[in-house]
Amino acid sequence: MNSSDNDNFSFSETVSIPQAPPGFKSGFIGIVGRPNVGKSTLMNQLVGQKIAITSPVAQTTRNRLRGILTTPQAQLIFVDTPGIHKPHHQLGEVLVKNAKNAIESVDVVLFVVDGSVAGGAGDRFIADLLVRTETPVILGLNKIDQQPTNSQLIDESYQAMAKPQAWPMVKFSAHTNAGLPQLQQLLTEYLDPGPLYYPPDLVTDQPERFIMGELIREQILLLTREEVPHSVAIAIDKVEETPTITRVMATINVERDSQKGILIGKGGSMLKAVGSAAREQIQKLIAGKVYLELFVKVQPKWRQSPMSLAEFGYHLEE
C-alpha cells in the first residue's frame, strides 16, 4: 500500500469484514480521565501494540485515537481521549470539548484514575460530568503497582465517587498488566450483541502517516522540556516507499524562534537525537527500514489559530 492509498483507505471498499458469529458483542469504549493517568498506555496494552504515544508529560494525547481489540467473543473499540483539564488556549479548548463529546458518543465509558494517589478535585470534576450522562460508566483504578502498602484511604476516596452512581470499580496496572484480563472481561460484559465493525486483525483505524507523526512528537516530549512539547505540531510532508526502504520527510512546527533553537540543539544534536529515536519507532510500526528527514519551522501562535489548528488536524469532533 503506498502512502496516498493509506491516507484514503476505506474499509468498506478494500477490506472484506467477516460476519460475526452468533452471540458476538461489539461496541465503542471511551477512555476518559485527567491528563497523565495512563490512558494511552492502557489502550496500547489492551490492543497489544503501540498505537498511542506515551510520555511523563501531561496532555500527551491530542486526537481521539481508536484502538481495536478483537477476541473470539467481542470486538472492543477503544476511544483514547485527551485528558480533561482546564484549557489555557484554543487548542486546549478543542481537546477538552472533544473528550466531552466522546462521552456521549460511546457505548461504555472507562473512567481511568491514578490509583496510586487519592482522588482529587480533577477526578471529581470528571465524575460530575459523567453523572449527567446516560452512558454506562466503569471506574478504573490504574497504577496499582505503585500503590502504598496501605491503600485503604485511596480506595475509599474513589469508592465515594463510584457508590452513589453504582459504578463498578476495577483495579489494574497498565504497566504490569495486572488486572487487565478482569478489566477486559468486565468491558465485554457491558457491550451489547453487535457486528464486526473492523477487520479482526486491525488494531487502529488511523492511517500510518498519523501514527508516524505521533511517534516523532513522542520523542520530542521525551527529549525536550519546559514549554517546547506542547508547542509542537508535526506535519508529514512526504512518504516514499521502495522495496528496500521507506523515506519519510516531516516538519516540526513550533511557535517561537527560541523553541526552534532548542529543538535543533547545538550543532543539530537535539534534532539528530529526536530523529534517531523516532526512526527506530517508525521502523517497528512499518516493519521495515526507514530514512527519516526532519525540518523545524516557526509558526507563531499556531495553537490560537483556527486555520493552523485545522491544517495540523486538530478540529472539533462530532
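## Ground rules

Helices (H or I, at least four residues) and strands (E, at least two) are DSSP runs, numbered from the N terminus. This is a predicted model, where local features need pLDDT of at least 70, side-chain atom pairs count only at pLDDT 80 or more, and totals for chains, interfaces and linings use all residues. Residue numbers start from 1 along each chain as its sequence is written, and side-chain values use heavy atoms, with hydrogens and water left out.

## Two loop residues with positive phi

Let's start with Ala166, which sits in the loop between helix H6 (152-162) and strand E6 (169-171). Its phi is near 60°, a positive value in a residue other than glycine. Most residues other than glycine have a negative phi. Ala166 counts as exposed because its relative accessible area is 64% (buried means under 20%, exposed over 50%, partly exposed in between, with a 1.4 Å probe and protein chains only).

Asn177 is another one to look at, in the loop between E6 and helix H7 (180-190). Here phi is positive too, near 80°. With a relative accessible area of 37%, Asn177 is partly exposed.

## Helix H3 and the glycine after it

Helix H3 (residues 39-47) is mostly covered, with 7 of its 9 residues buried. Those are Lys39, Ser40, Leu42, Met43, Asn44, Leu46 and Val47. Just after H3 comes Gly48, with a positive phi of about 80°.

## Pro22

Pro22 belongs to the loop between helix H2 (11-14) and strand E1 (25-32). It's exposed, so labelled because its relative accessibility is 84%. Pro22 and Gln73 are 51 residues apart in sequence, and their C-alpha atoms are 9.4 Å apart in space.
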